[in-house]
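Subject: Handover of a structure and the findings on it

Dear colleague,

Please find below the structure that I am handing over to you.

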Amino acid sequence: MTITPDSIQQAIIMGNVASISTAVNQLLSTGVNSQHILDEQLLPGMAIVGDRFKRNEMFLPQVLMSAQAMQTAIDILKPHLVGNSEARQRHTVIIGTVKGDMHDIGKNLVRIMLVGAGFDVIDLGVNVPAQKFLEATSQHQASIVCVSALLSSTMNNMKEVVQAFRSSSDLNGTKILIGGAPVSREFSQSIGADGYAPTAPAAVELVQGFCD
Ligand code: B12
């Protein structure tokens with residue numbers, strides 16, 4: 001199989017798990033950088049899926065197949081993305097997708113890159129209520145919490161998470177970082193979160209900044 005620049009994007013759009021595995025493995029074996037594959041092929045492919053879904057040119061079962069292809073590709077890239085971990089004092093970060101929201105691809109990318117940067121990350125999964133973020137933070141003595149949302153309806157549940165921490169007597173100093181496609185810096189400020197990052201690498205920089 002010859003890999004053209006569009007092969008991976010096409011495999012994402014078609015939700016073709018077999019051909020995405022072949023294409024990603026082949027590119028890696030020829031020395032193409034994992035971050036380049038992610039930024040230039042996978043993420044633009046998923047953006048096209050999102051546009052087509054919005055315009056009713058793709059439907060939920062197809063988007064689910066694209067998501068599976070994306071996750072397969074990320075799983076293959078994972079050891080390469082986490083390969084450059086710096087020696088640093090270990091900090092524990094709690095991460096999860098907010099209550100009501102099942103989207104986890106972006107959250108998983110943030111987790112993978114935080115692990116790559118040397119953090120201990122506890123992933124609470126999707127549909128996580130505020131109370132569960134609090135309990136995990138206390139249990140793991142974490143100082144940073146990352147919350148993801150992909151739906152404009154669930155981003156409001158992030159406010160509940162921030163309020164739960166701010167009204168806790170021992171966890172009110174926890175740094176809360178939010179992200180996901182509908183979220184912005186302004187929204188982050190409006191709910192009293194400590195930060196917002198638009199991408200996984202930017203999330204890592206912000207978390208590192210909290211630890212300096
Ligand atoms: C894949 C997908 C799905 C998959 C999810 C599979 C999975 N395992 O995640 C499935 C098919 C299940 C799905 C379901 C639904 N979806 Co959907 N989905 C998408 C799609 C196409 C791609 C999302 C994605 O994975 N992007 C790729 C990742 C890498 O990007 P990302 O998540 O934005 O993450 C990056 C940054 O945002 C950031 N980031 C992410 N999280 C965090 C966290 C922190 C702390 C930080 C700092 C940064 C950060 O870093 C990431 C990497 O750089 C989007 C379209 C879009 N443009 O976003 C729609 C989209 C989000 N879905 C949408 C909708 C409407 C739905 C459904 C309601 C559809 C329905 N009728 O049932 C359901 C909701 C189910 C639920 N309760 O959650 C709408 C939301 C509209 C809105 N404004 O609310 C979108 C925008 C599509 C659209 N254009 O209409 N979906």
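The notes below describe the domains, the ligand surroundings, the cores and some individual residues.

This is a predicted model, in which local features need pLDDT of at least 70 and side-chain atom pairs count only at pLDDT 80 or more, while totals for chains, interfaces and linings use all residues. Residues are numbered from 1 along each chain as its sequence is written.

Domains

The chain is divided into domain 1 (7-81) and domain 2 (92-211), with bounds that come from an automatic or database domain assignment. Taken over C-alpha atoms, the centres of domain 1 and domain 2 are separated by 25 Å. Six residues from domain 1 and six residues from domain 2 make up the contact; two residues count as in contact if their C-beta atoms, placed from the backbone, lie within 7 Å. On the side of domain 1 that touches domain 2 there are four nonpolar residues, one polar and one charged. In these classes, Ala, Val, Leu, Ile, Met, Phe, Trp, Tyr, Cys and Pro are nonpolar, Asp, Glu, Lys and Arg are charged, and the others, Gly among them, are polar.

Surroundings of the ligand

The ligand is surrounded by 38 residues, of which G50, I105, G106, S148 and G179 are the closest. Helices (H or I, at least four residues) and strands (E, at least two) are DSSP runs, numbered from the N terminus. With seven residues, α3 gives the most to the shell. Domain 1 and domain 2 each supply at least three residues to the shell. By class, the shell holds 24 nonpolar, 10 polar and four charged residues.

Cores and helix α7

The largest nonpolar core has 38 residues, and V93, L114, C146, V147, V161, I176 and L177 touch the most other members. A nonpolar core is a set of buried Ala, Val, Leu, Ile, Met, Phe, Trp, Tyr and Cys residues joined through C-beta atoms within 7 Å. A residue is buried if 20 or more other C-beta atoms lie within 10 Å of its own, exposed if 12 or fewer, and partly exposed in between, with C-beta atoms placed from the backbone. At least two residues of this core come from each of β1 (92-97), α5, α6, β3, α7, β4 and α9. Leaving aside neighbours within four places in sequence, L114 is in contact with V93, F119, V121, V204 and V207. Another core, of 16 residues, lies apart from the largest one, and A11, V49, A69 and M70 are among its members.

In helix α7 (residues 157-166), the buried residues are N157, M158, V161, V162, A164 and F165. They lie on the same side of α7 because they cover an arc of only 160° around the axis, the arc being that of the directions from the helix axis to the C-beta atoms. These buried residues pack against α6 (130-140), β3 and β4. Also in α7 is E160, which counts as partly exposed, with 16 C-beta neighbours inside 10 Å.

Individual residues

Two loop residues other than glycine have a positive phi. N56, in the loop between α3 and α4, has a phi near 60° and is exposed, with 7 other C-beta atoms within 10 Å. Q141, in the loop between α6 and β3, has a phi near 50° and is exposed, with 7 other C-beta atoms within 10 Å.

V183 lies in the loop between β4 and α8 (185-190). Is V183 buried or exposed? V183 counts as buried, with 23 C-beta neighbours inside 10 Å.

K175, in strand β4, counts as partly exposed, with 19 C-beta neighbours inside 10 Å. Apart from residues up to four places away in sequence, K175 touches S143, I144, D194 and F210.

Yours sincerely

Key. Near = placed C-beta within 6 Å.
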